[in-house]
Amino acid sequence: MKEAGPMTAPVEHRMRWQFGVLAPPGFPGEPSAGVTECLLEADPDATIDLRLRFLHVRCRTVEREEDDGYWPVPKLTVAGHDYLGFDEAVERETRAVIPLTGGRRTIEVHVPGGREIEPILSPSGERTGRVICEHQPIHAELRVSAERLADPYGLVRLRVEVHNTARWERADAPREEALRHSLVAAHLLIGISGGAFGPGPVDEGPQVRGV
């Protein structure tokens, strides 16, 4: 077990996450799903390469050791070094390569939770506290469908939905807690083999919006 190092939370780690949040269903005020649509020029055997990227919030908690156990504190100072508690983020990516046609497909996305404990030691080696770094599991789905349009160009309309499927029953929970079960800054990268991107609506390219 390695010793925890002192850390000061950068400004971006102390801010509330705002962009591209897909929260658990049932949490008020935040979408739980988003959709991307685009038009493709595609051969019958074309395949698409989907990459879902998002940030996974990790909670860093500092606890001071007392006679009766450990107690959370916002800051613990040992030998002039400050140990702070805050939320940070880890980059995640899920990739799937699938045939473009063949009906509606569902791709499950699961990121297991994790917990790491690092001791805080005094210069003499005495344990004075600990840092707990913990992230909650993420459960989501990519729901993919493609439809060949009845137009002179034979274009295919691709639709990819991203759904947070976490179970959530606490509508009154603080936003910070819900974010730990959310896909933050979620965005989708799409590639195609055996085809090319066609014109988007009003030639704007792929469209991204909430469901």
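Mentor: Happy to! The second largest pocket holds about 180 Å³ of space. Keep in mind that this is a predicted model, where local features need pLDDT of at least 70, side-chain atom pairs count only at pLDDT 80 or more, and totals for chains, interfaces and linings use all residues. Residues are numbered from 1 along each chain as its sequence is written, and side-chain values use heavy atoms, with hydrogens and water left out.

A pocket here is an open set of points on a 1 Å grid over the protein atoms alone, where a 1.4 Å probe fits, with protein on both sides within 12 Å along at least five of seven lines; lining residues have an atom within 4 Å of a point. The volume is the space filled by probe spheres set on points joined across faces, edges and corners.

The lining consists of V57, C59, T61, E63, R115, I132, E134, H135, Q136, E177, R180 and H181. Two elements, β1 (33–66) and β8 (127–135), each give two or more residues to this lining. Strand β1 supplies the largest share, four residues; strands are DSSP runs of E, at least two residues, numbered from the N terminus.

Now to the cysteines. With a disulfide defined as a pair of cysteine sulfur atoms within 2.5 Å, the count is zero. C59 is in no disulfide, and the nearest cysteine sulfur, that of C133, is 8.5 Å away. C59 counts as buried, at 17% relative accessibility, where buried means under 20% relative accessible area (1.4 Å probe, protein chains only). C133 is likewise in no disulfide, and is buried with a relative accessible area of 8%.

Key
Buried means under 20% relative accessible area, exposed over 50%, partly exposed in between (1.4 Å probe, protein chains only).
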